[in-house]
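Please look over the sequence and the structure shown below. The paragraphs that follow go through the contact between two chains and then turn to two single residues.

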Amino acid sequence: MHFLPTIAAVFIYWLIVGLGGSVLIQFTARHLFSSIFFFSALGSLLLLVTACLALGQTSSHMIIPLGIPGYPFYCHLDALASFFLILLSATSLGTSLFSMDYFQDLSRREMGLLSLQYHLFLCSMLWVFIAADAYSFMLAWELMTLSSYFLIVGFKSDMQTRSAGFLYLLIAHAGALAILMSFALLLPGEMHLNFAAMQHTAITPVTANLVFMLALAGFGAKAGLLPLHVWLPEAHPAAPSPISALMSGVMLTTAIYGLIRVLFYMLPSVRSGWGMTLLGIGLLSALFGVIFAAMQTDMKRLLAYSSMENMGIIIAGLGLTVIFRHYGSAIAALALAASLLHCINHAFYKSLLFLGTGNVLHATGERNLGKLGGLIKSMPWVATLMLIAVLATSGLPPFNGFVSEWLLLQTFLAFPSVPAVELASVLALATAAFILTLALTAYVMVKLYGVIFLGQPRESQLTHAVDATFWERAGLLWLTAGCILLGLLPGLLLQPLLHLTTQLLHLPASTMTLQARYNPLIVSMVMLIAAAIITLLVRLFSPVKPRRSAAWNCAYPVKNARMQDTAEGFSQPIRHIFSLFLRIQTEIPGVADKMPHYHFNAEDRFWSALYLPLVRIASKCATAISKLQQGKISIYLTYSLATLIILLWWVL
Amino acid sequence: MITAIIIQIIQSLFLILLAPLLTGWVRQNRAWLNNKNGPGLLQPYYNLRKLLMKQPVLAENASFLFCAAPTLYFACMCTITAVVPVLSSQLPFTQAADVIVLVGIFALARMFLALAAMDVGTAFGFMGARREMFVGFLAEPALLIVLFNAAIISQSTSLSAIVIALAAQTTLNPGLAFAAVAFFLVLLAENARLPVDNPSTHLELTMIHEAMALEYSGRYLALIEWASALKLLNFFALGLAIFLPWGIPANHPVITVFFAGGLFILKIMIIGFGLALLETMTAKIRLFRVSEFLMGAFVLAILAILLQLWVGK
């Protein structure tokens with residue numbers, strides 16, 4: 001069956017909903033704004049069903065006669081694209097449902113902007129996944145960057161948001177340029193822009209290396225890999241929460257999609273050196289991301305760094321794929337499937353976390369962890385669903401994060417099968433770094449959840465925080481259900497994924513069996529049965545009803561909310577261990593200080609070591625060039641004359 | 001299959017019921033080594049009964065998470081009793097959960113306890129949670145790498161396969177010797193033993209585990225204490241399964257199961273005495289030395305893997 005027309009229909013439908021909504025909301029009642037997102041959620045649902053059906057089918061193509069004459073838009077829908085469309089539709093279904101109630105306090109102008117840009121953003125991501133030629137891919141890619149840029153800067157006009165948006169735009173465009181160049185190198189002799197033609201280009205090893213490096217730089221900028229990560233912690237907190245959820249859950253993975261396309265679809269073969277590069281950059285990004293996440297005091301910045309960590313993990317998985325593919329091992333298919341599974345798992349739990357912080361932000365107006373606390377009493381819905389998200393993010397059984405991390409660990413463990421013992425040793429060390437990252441994630445998540453939801457409220461107004469409303473709950477519940485379902489029944493998605501990756505990597509369709517198994521259903525059932533029996537037995541043997549009293553706290557009489565750890569306090573041990581790698585400024589009050597004020601700031605060393613010098617060089621060049629501009633018409637006339645003479649001399 | 005499941009259940013019950021006895025044995029040995037009479041081997045059981053009878057006192061602002069955490073913690077530890085081969089190496093549950101799942105469940109249990117400790121919002125609770133997560137962040141990778149050492153030898157992460165492969169080994173594997181040391185260090189840290197934490201005091205500013213359980217009383221405390229005892233026993237069983245796997249039968253006529261149980265108790269007694277001896281001779285280290293202590297374990301475990309790669313080939 002041909003599914004591409006349906007997907008194109010969803011594209012047009014979203015476009016109509018976005019455009020129509022932004023016009024109509026100017027004239028109709030404001031409360032109708034939520035219905036726009038209801039229609040958009042319907043589109044997501046249709047897309048989800050279609051993409052699920054298309055996952056097992058053979059690939060199909062379509063040519064849309066738009067664009068420049070002679071270069072129509074090529075579209076394709078293969079298993080890889082279908083998988084990413086599932087990811088997009090599932091996440092956007094959650095964010096759209098959530099958005100129905102979330103954006104009630106915007107002005108009409110902002111509602112119009114949001115409706116248009118939100119749907120353009122969804123459309124552009126859909127287009128990225130189905131674009132089958134370099135031209136329309138770049139168009140879609142740029143549309144994605146621009147629409148998300150307007151979503152970041154459109155709702156707040158303070159300096160910080162503006163500069164965050166500028167930084168994002170700058171790095172995104174540098175990245176797009178690198179992608180464009182890598183496509184250009186892959187072009188066959190005549191101008192065939194579609195990917196299928198680029199596949200058969202004969203390229204030299206040097207060119208192949210160059211294509212790889214450019215693609216890594218370009219897509220790495222979008223995924224937030226080291227050292228192009230600086231926009232991520234700035235842009236995510238600036239955007240409204242549902243937008244951050246989409247950016248983090250889906251937009252970052254478009255980079256993974258693009259990298260997979262270039263690596264395994266367009267380039268004829270892969271080298272183990274590329275694999276080591278990907279593995280190294282991925283693991284460094286992951287470690288860096290999680291250490292910085294531990295330092296953060298702003299909840300959305302913390303989540304942004306955590307996204308960087310997850311992207312690093314996925315890139316490391318791609319690195320493993322390349323290494324094992326180079327040696328022709330069937331493990332490569334498993335590594336790629338695990339990475340893809342981690343993409344969708346990350347999309348579910350990270351968008352859930354971002355939406356949850358949106359609720360907290362709405363209810364309290366506070367993004368700073370130091371001013372939250374105790375919200376589990378006033379916001380039980382958000383607190384319970386966030387607990388599941390936190391457990392899933394930490395990679396704990398039986399939730400979805402654990403499944404992909406289990407699979408990745410299994411592929412890491414295949415390192416003794418690599419013939420070169422030096423490479424195997426490096427992989428062993430990489431395994432250790434990977435595990436360290438995973439362990440630190442749990443620390444970060446306990447900090448996030450504990451400081452926001454547990455303990456006593458650190459400010460008095462927190463006791464009146466309101467819980468999520470109906471549609472917000474619906475969005476959160478959908479994403480939570482995904483976290484649980486993908487955790488309990490990973491086979492549903494893993495089987496088609498393994499099929500997909502075996503074909504993509506041109507591996508023989510072997511029935512690869514792992515020696516070890518993990519059955520989440522049985523494990524969670526045993527745990528639940530054990531918990532039920534314990535509860536029953538305890539009821540039986542200890543029937544006394546508990547009594548409520550003040551907290552004991554070692555009989556220490558003074559108990560106030562300020563004695564709890566803040567986010568800074570909680571991350572102190574981590575800061576202590578990694579102090580070598582961080583640039584920390586602390587301001588500790590003296591003994592006699594009447595107004596004691598504690599302040600600390602962990603700065604990204606990349607700013608001072610890489611970006612600030614770059615900025616300095618750029619502004620120096622600009623000053624040098626500005627000497628040309630004298631503001632006198634006679635000088636400009638001289639320039640024109642000189643140019644004319646030089647051109648004439650050139651021609652003659 | 002039916003017999004296997006029955007043995008599975010018997011093993012879990014055996015470990016759950018035996019756990020307080022191990023705590024009693026270690027405490028009794030420590031008392032003897034200090035020239036004291038000691039409270040007797042069964043004292044932990046009496047304590048548990050006393051706690052179960054008492055009326056629990058909850059802090060005013062304790063939430064549902066606080067009340068559910070002890071049960072979940074205990075349930076996690078019970079699940080682990082089903083993963084580690086003790087009475088038989090052919091446990092059906094090892095088909096559903098391997099060593100990575102085992103470490104995951106340990107981490108899940110830690111997470112519940114740490115979150116519950118933060119729930120009441122006292123300074124001690126937060127301190128305990130922070131320190132516990134800190135120790136866990138260093139101990140968990142070391143534990144996983146130790147287990148990977150065994151998994152590389154048996155080429156499988158399933159504990160059944162590991163026990164069978166390691167029991168069949170006739171020569172001493174040099175990598176495993178390093179891993180054993182690393183495992184012991186992790187065991188000390190994970191179970192709040194000296195020199196990382198002192199199990200016999202609380203009301204100390206340096207406490208870790210006790211600080212988390214400080215607000216608990218009555219049956220909640222009973223569950224936490226029992227589960228902690230079970231955690232120690234689980235770690236013992238895991239260590240024995242990997243480093244001293246001899247005597248765990250692969251097939252199960254009833255008699256061998258009894259034999260395995262007896263042998264297990266004997267091994268536990270010897271190692272428990274060793275633990276008591278070590279705890280009598282060492283002092284607690286500073287909290288920030290703990291990171292060096294555990295990093296040492298982590299590096300040892302990695303060295304063990306490299307050794308296997310280079311010597312094995």
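Two strands are said to pair if DSSP finds at least two bridges between them. By that rule, strand 3 of chain A pairs with strand 1 (residues 57-59) of chain B, because three bridges join them. The two strands run parallel. Within this pairing, A:Ser549 stands opposite B:Ala59 in strand 1 of chain B. The model is a predicted one, and the values given here are computed from it.

The size of an interface is often given as the accessible area lost when the parts come together. For chain A and chain B, that area is about 6900 Å², with 76% of it on carbon and sulfur atoms.

Next come the polar features of the interface. Between chain A and chain B, 25 residue pairs are in polar contact, counting pairs with both residues at pLDDT 80 or more. The count of salt bridges between the two chains is one. The salt bridge is formed by the side chains of A:Asp565 and B:Arg130, at 2.7 Å from N to O.

Two loop residues remain. In chain A, A:Pro596 lies in the loop between strand 4 (583-587) and strand 5 (599-603). Is A:Pro596 buried or exposed? A:Pro596 counts as exposed because its relative accessible area is 55%, and the cut-off for exposed is over 50%. The C-alpha atom of A:Pro596 is separated by 45 Å from that of A:Gln117, a residue 479 places away along the chain.

In chain B, the loop between helix 6 (159-168) and helix 7 (174-190) holds B:Asn173. With a relative accessible area of 15%, B:Asn173 is classed as buried, since buried means under 20%. Apart from neighbours within four places in sequence, B:Asn173 is in contact with B:Ile153 and B:Gln308.

Technical notes
Residues numbered from 1 in each chain as written. Chains lettered and ligands numbered in written order. Predicted model: local features only at pLDDT ≥ 70, side-chain atom pairs only at ≥ 80, totals over all residues. Heavy atoms only, no water. Helix = DSSP H or I, 4+ residues; strand = E, 2+ residues; numbered from the N terminus. Buried < 20%, exposed > 50% of the residue type's maximum accessible area, 1.4 Å probe, protein only. Buried area = accessible area lost by both parts, 1.4 Å probe. Salt bridge = Lys/Arg side-chain N within 4 Å of Asp/Glu carboxyl O. Polar contact = N/O pair within 3.5 Å; in protein donor to acceptor, adjacent residues only side chain to side chain. Contact = heavy atoms within 4.5 Å.
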